[in-house]
Amino acid sequence: MSFRISVSGAAADAVRRTVPTLVADLVASGITAQDAELWGPDAEDEASKRLGWTEAVAVSRPLVPEIEALREQLEADGVTHIVLAGMGGSSLAPEVITRTARVELTVLDSTEPGQVAAALRDRLAESALVVSSKSGSTVETDSQRRVYEHAFRDAGIDPTTRIIVVTDPGSPLDESARAAGYRVFNADPTVGGRYSALTAFGLVPSGLAGADIAEILDEAETIELSLAIDSPENPGLVLGAAIAATEPLRDKLAIVADGTHIVGFADWAEQLIAESTGKEGKGILPVVLDVDAPELKADLPDVQVVRVVDDAGDQIFSHHDTGEIRVSGSLGAQLLVWEYATAVAGRLFGINPFDQPDVESAKIAARGLLDARPEPAPAAFVADGIEVRGTPHVIGAASDLVSAIDVLLEELPANGYISVQAYVDRVAHPELAQLRDLLAARAGRPVTFGWGPRFLHSTGQFHKGGPAVGVFLQITETPAEDLAIPDRPFTFGELIAAQASGDASVLAEHGRPVLTLTLTDPAANIATLFDAVG
C-alpha cells in the first residue's frame with residue numbers, strides 16, 4: 001500500500017504557502033542528512049544527538065533475525081505470552097504494531113497497583129517480560145521489573161530466562177542487566193524515545209509477540225526516498241505544513257481513525273506531536289477522536305481534522321472542501337512520514353522538537369513527594385464518597401461536586417481545551433474514557449483523555465509547556481489493594497499517588513486550573529461522577 005495524502009481548506013492553503021520555502025531551504029534532504037542546524041542554535045546540541053531515526057530502517061535490519069530466533073527459543077520453552085514494561089515511546093509503538101498485526105501483547109504502562117497485580121497473575125508461568133527503557137532510570141519501568149523478578153523467583157522460574165532488556169548501549173540498565181545475565185538488545189542511542197518506533201524499542205517486543213517486523217521495515221523503506229527528496233510532493237513536508245502552518249494556526253489536531261486497518265495509531269501520534277511541539281508556549285495539541293466525536297460535529301476554528309484512512313485519494317490537493325487532511329498508507333510508512341512531519345513542524349514553530357523539558361518537572365515533583373512522604377492534603381469536601389480537591393480559584397467557589405465541575409468549566413477560555421487525566425486501573429474501569437465525549441458535548445470544546453501515569457510521557461509535556469489554555473480534571477482512586485515494590489521504600493499505590501499529586505502541583509505552578517476527584521469506591525463513585533458531569 002503506497003502512502004497518500006490529500007489536503008483541503010486551510011490545510012491546503014498552508015501547504016501551498018509553506019512547502020515551496022521548505023523545498024528551497026532543503027529541509028527534507030537536511031533532515032535525512034541529519035543536519036542539526038535546521039532547528040536553530042538553541043536546538044543544535046540536542047538535535048545533533050537525536051536524528052538517528054532517519055536511518056532506522058537500515059540500522060534495525062540486523063535485529064530481525066535475532067528477535068525471530070529468540071521468539072522461537074521462548075516458544076520452545078513454553079513462553080506464549082509477552083508483557084512489555086515500558087512508558088511513552090517505549091510502549092506506544094509496540095502497542096500499535098501488535099494491535100494492527102492482531103497479535104497479543106500485554107502493555108504494562110501503569111503504576112496502578114491493581115492493574116500491575118492483575119498483569120502478574122495473568123499466565124505468569126508462560127510469560128516473558130520485556131523491560132524497555134533508554135536509561136533504565138524510569139521509575140515506572142524499574143518498579144515493574146523488580147516486581148516481576150520477585151514473582152518469577154517465587155514461582156521457581158529463573159528471571160534470566162524470562163526477562164529481556166531493551167536499552168541504550170552503556171546505560172546503567174545495560175550494565176546492570178548484562179551483569180545479572182539478562183538478554184539485552186541495544187537500541188540506537190541517537191534516537192529519542194518518541195521517534196524510536198522503527199528501532200529496537202518498537203521491534204523487540206512486537207517481534208517477540210509475533211508481529212512481522214521485517215514487513216514493518218519493508219513498508220517504511222518504500223517511503224524513505226520520497227521523504228528525502230526536496231520536492232513539493234514530499235509527504236513529510238506536506239503533512240508538516242498542513243498541521244503546523246495554517247493561518248490563523250489551528251493548534252488542536254483532531255486525529256480520527258476512519259476505516260483504517262491500523263489500530264491505535266492516533267495514540268502513538270499523540271505522544272510524538274504533543275511531546276515534540278508543546279513547549280515555549282507553542283505547540284499542537286493532538287486530540288484522539290472516534291468518528292462520531294462531538295468535536296467533529298462542530299465548526300471549531302482552531303481544530304484541524306486529520307483522518308487516517310485506507311484510501312486518501314490520488315492527489316496531494318483534493319477537490320473536496322471539508323478543510324481536512326486525509327492520510328493513508330501502510331503502518332511502517334505512516335510511522336516514518338509522521339516522524340518527518342513532526343520534525344518539520346518543529347522547524348516551522350521555531351522550537352526544538354527533540355527535548356521535553358516539562359516532562360522532567362513532573363518527575364522531580366513526584367520524587368520529592370516520595371522522599372518527603374507528606375500527609376495527603378485534606379479534601380475540600382467529600383461528595384458521595386468522592387474526595388474533592390483543586391487549585392484555589394477552582395475549589396474556592398465550589399460547594400458540591402456539580403458546582404466544582406461547573407467552576408472548572410467556567411475557567412475554560414474560548415480557545416481552550418479540557419484534559420481528563422485518569423490515574424486509575426484502565427483495565428478494570430475502561431468506562432471512564434466515556435467522560436471524554438460527555439465533556440466535549442457539554443463544553444463545545446476539544447477534550448483529551450489520558451490514563452495516568454501513561455500520559456505524563458505523552459501530552460504531559462504539552463499541558464505544561466504548550467499554550468496556557470487548558471483546564472484539568474484529575475481522577476484518582478483509593479486502591480482496593482496495594483502492591484509492594486521489592487527493595488523500594490514505597491509501594492505502587494504510593495508511587496501513583498505521588499505522580500498524580502506531583503503533576504497537579506506543577507500544573508498549578510504554571511497557573512493551570514486543576515480539579516482533583518478521588519474515587520474512594522470506584523465501582524459506586526463512577527456513576528455519581530457521570531451524573532455530575534452530565
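Predicted model: local features only at pLDDT ≥ 70, side-chain atom pairs only at ≥ 80, totals over all residues.
## Helix packing, aromatic pairs and buried sites

From α12 come Pro235, Gly236, Leu237, Leu239, Gly240, Ala241 and Ala244. From α14 come Val337, Trp338, Tyr340, Ala341, Val344, Ala345, Leu348 and Phe349.By class, this contact has 13 nonpolar residues, two polar ones and no charged ones.

How do the two helices cross? Two packed helices are described by the angle between their axes and the distance between the axes. Helix α12 spans residues 235-244, and helix α14 spans residues 331-349. Their axes come within 7 Å and cross at roughly 50 degrees. That angle makes α12 oblique to α14. The crossing of α12 past α14 is right-handed.

**Aromatic pairs**

The structure holds 11 aromatic pairs. A pair of aromatic rings is described by the distance of the centres and the angle of the planes. For Tyr423 and Phe455, the ring centres are 5.7 Å apart and the planes stand at 75 degrees, so this pair is edge-to-face. The cut-off for that class is over 60 degrees. Tyr423 and Phe455 lie 32 residues apart, and their pair links distant parts of the chain. Both residues are buried.

Where does each partner sit? Tyr423 belongs to strand β13, residues 417-423. Phe455 lies in the loop between β14 (447-451) and α19 (460-465).

There is also an aromatic cluster, formed by Trp39, Trp53, Tyr195, Tyr340 and Phe354.

**Buried sites**

Helix α17 covers residues 401-410. Seven of its 10 residues are buried, so α17 is largely enclosed by the rest of the structure. The buried residues are Leu401, Ser403, Ala404, Ile405, Val407, Leu408 and Leu409.

Ala362 sits in helix α15, residues 357-372. Is Ala362 buried or exposed? Its relative accessibility is 6%, so Ala362 counts as buried; the cut-off is under 20%. Beyond residues up to four places away in sequence, Ala362 touches Lys464, Asp503 and Val506. Ala362 and Val506 are 144 residues apart along the chain, yet their C-alpha atoms are separated by 6.3 Å.

| Elements | Separation |
|---|---|
| Axes of α12 and α14 | within 7 Å |
| Ring centres of Tyr423 and Phe455 | 5.7 Å |
| C-alpha atoms of Ala362 and Val506 | 6.3 Å |

How values were computed. Residues numbered from 1 in each chain as written. Heavy atoms only, no water. Axes fitted to C-alpha atoms, helices over the stretch in contact; angles between N-to-C directions. Helix = DSSP H or I, 4+ residues; strand = E, 2+ residues; numbered from the N terminus. Parallel < 35°, antiparallel > 145°, perpendicular 65-115°, else oblique. Left-handed = near helix turned anticlockwise from the far one by under 90°. Contact = heavy atoms within 4.5 Å. Nonpolar A, V, L, I, M, F, W, Y, C, P; charged D, E, K, R; others polar. Phe/Tyr/Trp six-rings, centres within 6.5 Å; stacked < 30°, edge-to-face > 60°. Buried < 20%, exposed > 50% of the residue type's maximum accessible area, 1.4 Å probe, protein only.
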